[in-house]
Amino acid sequence: MLAGRMMDYPLTITHFLERARTYHARSAIVTQNPDRTSSRATYADLHRRASKLAHALTRLGVRAGDRVATLCWNHARHLELYLGVPAMGAVVHTLNLRLHPSDLGYIASHAEDRVLVVDRSLLPLYRKFAAQARCVQRVIVIGDDGPVEGDGLDYEALLAPEPDHFDFPRLDERAAAMLCYTSGTTGNPKGVLYSHRSIVLHTLVSCMHDALGFRDSDVVLSVVPMFHAMAWGLPYSAVATGARIVLPGPHLDPASLLDLMARERVTFAAGVPTIWLGILALLDEHPKRWDLSSMRAMVIGGSAAPPALIDGFLARHGLVVTHAWGMTETNPLGTIAHLRHGLDLDAAAELDTRASQGYAVPFIDQRHVGADDQPLPWDGRSMGELEVRGPWVASSYFGDEGEDRFTKDGWFKTGDVVTIDGDGYMRITDRAKDVIKSGGEWISSVALENALMSHPAVLEAAVFAARHPVWGERPLAAVVLRPGQAASKDELRAHLEPRFARFWLPDEVLFVERIPRTSTGKFLKSQLRDEYADLLTKQPPG
Ligand code: AMP
């Protein structure tokens with residue numbers, strides 16, 4: 001028997017924005033500015049300024065469904081864009097400022113961004129891809145230190161004359177709210193278009209106690225950038241609960257972050273392992289310098305958090321680290337290594353469980369499949385590709401590319417190779433694809449190989465990951481030179497330099513006689529990875 005009908009109340013981000021004003025008007029938004037001073041605003045300001053923004057964008061011709069791109073660090077105005085743009089029915093598209101300009105140009109034009117909002121300090125980056133992104137009709141510049149002249153519209157001048165109130169439309173919960181691109185692991189970057197509904201459901205589950213557990217008394221530091229994977233949804237989870245939010249701007253070095261955590265009495269912080277490795281090292285050096293007694297949780301994800309990191313924080317500083325897994329395609333929270341009540345683990349097993357990628361949060365289903373696409377047993381040993389499904393998992397890419405990532409029976413193929421144990425805890429053992437993850441950012445091995453192989457002296461090149469104590473992974477290149485030809489490491493790096501972001505350049509170039517191959521003639525990168533895994537941990541990177 002079906003239940004009586006419930007109200008058709010749309011699950012939209014607008015509701016969070018309205019709640020922010022109604023119940024959490026005094027909650028603070030703290031931004032660390034580029035000059036290291038702090039700015040303070042409230043959720044009442046957030047609502048007021050998001051309303052002004054909606055008026056301004058309407059005046060500029062932005063209509064429902066139009067893409068408004070951001071090229072910004074984490075700060076209060078970026079938060080206004082996160083809330084105001086979707087609430088007016090348009091789509092906020094975060095551009096990842098760590099990508100190479102040619103990728104950004106491709107992404108902006110693929111997304112057909114109409115308006116771009118850019119931090120003044122990032123204007124030089126925008127200029128490098130502006131010619132590729134002709135769809136952008138208006139550029140709005142956020143001045144870091146005063147009004148902007150000459151280079152597009154000034155954000156503050158644009159908002160100033162607008163009314164404080166905007167009649168936000170009643171939207172369909174399935175309307176698009178946000179667009180993020182994956183970082184182009186194979187082929188071109190692909191867009192993930194999130195609906196209001198998927199973001200709202202993701203937010204509600206993220207806030208559950210056994211997930212991120214947000215509450216209005218929290219002070220949330222989003223180290224994770226708002227330009228990558230929606231900052232793990234932290235901006236929405238904070239606004240939804242009324243938590244105070246702390247946005248670090250461009251200063252992400254360990255000392256600045258520790259200063260911010262102590263000064264603002266941060267209770268919750270989230271970031272990639274590279275950030276936390278730096279913080280742990282500094283804390284070990286100066287255990288008493290910062291008062292972190294307010295901290296209740298630190299969430300680490302984006303790449304694997306080493307057990308020594310998790311253990312080091314707890315054993316030496318009494319700080320709890322929670323490991324989580326997710327992807328741009330999963331909004332991103334998928335699994336979290338919460339220690340369930342009643343597991344009865346000894347100390348070693350407890351650390352091993354904390355260091356796992358965890359188990360699925362409510363409404364996410366997880367399974368792993370073998371080469372025959374059949375589900376594998378949850379025995380902690382069988383390795384297979386992780387597949388997930390749920391209301392905030394993408395069911396296609398923007399523009400319907402990459403169809404092979406979606407199964408006929410409704411699962412998303414993650415590309416991560418995992419085991420799952422009898423309690424449901426998942427552990428990533430490898431990646432199906434050979435991308436390299438450095439400091440939480442992808443580096444595409446194929447793109448580097450193709451560029452290396454365009455050098456006249458290079459016959460073959462394989463790029464693969466080696467472990468790195470700070471960045472998690474760094475790229476190495478194995479190169480076979482053409483007979484009778486010569487090229488040095490520096491020459492090959494110089495050949496790559498104009499085409500890639502600096503952090504993409506391989507740390508080492510190994511000149512080899514042949515590259516190992518699979519039976520089907522593909523590069524056998526797992527063999528290279530095994531052979532050179534510790535090259536950079538044994539010797540200082542060159
Ligand atoms: P992205 O879409 O750029 O956020 O990257 C998603 C990928 O990052 C996943 O498919 C994993 O390979 C990797 N990843 C995310 N979280 C973790 C984690 N906790 N441990 C290991 N790898 C992770």
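This is a predicted model: local features need pLDDT of at least 70, side-chain atom pairs count only at pLDDT 80 or more; totals for chains, interfaces and linings use all residues.
**Loops, a helix pair and a buried histidine**

Colleague: Is F363 buried or exposed?

Modeller: The phi of F363 is near 75°, a positive value in a residue other than glycine. Its relative accessible area is 62%. Exposed means over 50%, so at 62% F363 is exposed.

Colleague: What is the phi of D344?

Modeller: D344 is placed in the loop between β15 and α12 (347-354). It counts as exposed because its relative accessibility is 75%. Most residues other than glycine have a negative phi. D344 has a positive phi, near 55°.

Colleague: Which residue is joined to P332 by a cis peptide bond?

Modeller: P332 belongs to the loop between β14 (321-326) and β15 (333-336). Most peptide bonds are trans. Here omega is about 10°, and the cis partner of P332 is N331.

Colleague: How are α1 and α2 oriented to each other?

Modeller: Two packed helices are described by the angle between their axes and the distance between the axes. The axes of α1 (residues 13-23) and α2 (residues 43-59) come within 8 Å and cross at roughly 135°. That angle makes α1, relative to α2, oblique.

Colleague: How many residues of the contact of α1 with α2 are nonpolar?

Modeller: The crossing of α1 past α2 is left-handed. From α1, L17, E18, A20 and R21 meet Y43, L46, H47 and A50 of α2. Of the residues in this contact, two are charged, one is polar and the nonpolar ones number five.

Colleague: Which helix covers buried residues of α4?

Modeller: The buried residues of α4 (residues 101-111) are P101, L104, G105, I107, A108, H110 and A111. The cover includes strands β3 (67-71), β4 (91-94), β5 (113-119) and β8 (176-181). It also includes the helix α5 (123-129).

Colleague: Which residue with a positive phi follows α4?

Modeller: Most residues other than glycine have a negative phi. After α4 comes a residue with phi near 55°, and this is E112.

Colleague: Is H468 buried or exposed?

Modeller: H468 lies in strand β23 (residues 458-468). The cut-off for buried is under 20% relative accessible area. At 11% relative accessibility, H468 is therefore buried.

Colleague: At what distance does the side chain of H468 reach the backbone nitrogen of W471?

Modeller: A polar atom of the H468 side chain lies 3.0 Å from the backbone nitrogen of V470. The H468 side chain also reaches the backbone nitrogen of W471, at 3.1 Å.

Note on methods
Residues are numbered from 1 along each chain as its sequence is written. Side-chain values use heavy atoms; hydrogens and water are left out. Helices (H or I, at least four residues) and strands (E, at least two) are DSSP runs, numbered from the N terminus. Buried means under 20% relative accessible area, exposed over 50%, partly exposed in between (1.4 Å probe, protein chains only). A polar contact is a pair of N or O atoms within 3.5 Å; within protein, one must be able to donate a hydrogen and the other to accept it, and residues adjacent in sequence count only if both atoms are side-chain atoms. Axes are lines fitted to C-alpha atoms, for helices over the stretch in contact, and angles run from 0 to 180 degrees between N-to-C directions. Angles under 35 degrees count as roughly parallel, over 145 as roughly antiparallel, 65 to 115 as roughly perpendicular and the rest as oblique. A crossing is left-handed if the near helix is turned anticlockwise from the far one by less than a right angle, and right-handed if clockwise. Contact means heavy atoms within 4.5 Å. Ala, Val, Leu, Ile, Met, Phe, Trp, Tyr, Cys and Pro count as nonpolar, Asp, Glu, Lys and Arg as charged, and the others, Gly among them, as polar.
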